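Here is my note on this model. Please read it with the structure open beside you.

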Amino acid sequence: MSAFDGYFHAPVAAARAYLFSRLFLVLVALDAWTLMIGHAGRYGVDGFNVAHFAWLDAILPPPTAATYVGVLLATGLLALALALGGTRRVALAGLFLLYTISWAMSMLASYPH
């Protein structure tokens with residue numbers, strides 16, 4: 001067995017994957033609460049919005065600061081609940097959807113104006 005195969009195909013303790021998944025979910029919650037909520041004041045000013053995808057403007061209402069904060073609070077709470085409790089595929093899919101919507105609903109957080 002080569003050193004490459006030994007490194008990438010060696011047995012791994014289950015605790016590593018378990019702890020990594022829990023830590024990752026906590027970091028998702030902290031990212032939503034501490035980094036992303038700070039951009040909420042840019043949303044909903046004069047009805048201006050530029051979504052990441054043009055078709056999102058057709059199906060979603062223009063975001064406001066309150067809806068953006070609400071989506072991020074729900075994202076963080078769900079991520080923290082999954083980190084502290086059990087992970088279910090439906091809940092993980094919901095977390096993926098909420099986090100993706102919070103990112104894709106507007107590009108206003110990307111620009112410093």
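**Notes on a helix pair**

1. Start with two helices, H2 (residues 14-36) and H5 (residues 89-104): their axes come within 13 Å and cross at roughly 25°. Axes are lines fitted to C-alpha atoms over the stretch in contact, with angles from 0 to 180 degrees between N-to-C directions. Helices are DSSP runs (H or I, at least four residues), numbered from the N terminus. H2 is therefore roughly parallel to H5 (angles under 35 degrees count as such).

2. This is a predicted model: local features need pLDDT of at least 70, side-chain atom pairs count only at pLDDT 80 or more, and totals for chains, interfaces and linings use all residues. Residues are numbered from 1 along each chain as its sequence is written, and side-chain values use heavy atoms, leaving out hydrogens and water.

3. Which residues meet? Leu25, Val28, Asp31 and Met36 in H2 meet Leu92, Leu95, Tyr99 and Ser102 in H5. Contact means heavy atoms within 4.5 Å.

4. Ala91, Leu95, Ser102 and Ala104 of H5 are buried (under 20% relative accessible area, 1.4 Å probe, protein chains only). The buried residues of H5 pack against H2, helix H3 (54-59) and helix H4 (65-84).

5. Tyrosine 18 sits in H2. Its relative accessibility is 47%, so tyrosine 18 counts as partly exposed (between 20% and 50%). Its C-alpha atom is 9.9 Å from that of alanine 83, 65 residues apart along the chain.

Definitions and conventions. Parallel < 35°, antiparallel > 145°, perpendicular 65-115°, else oblique.
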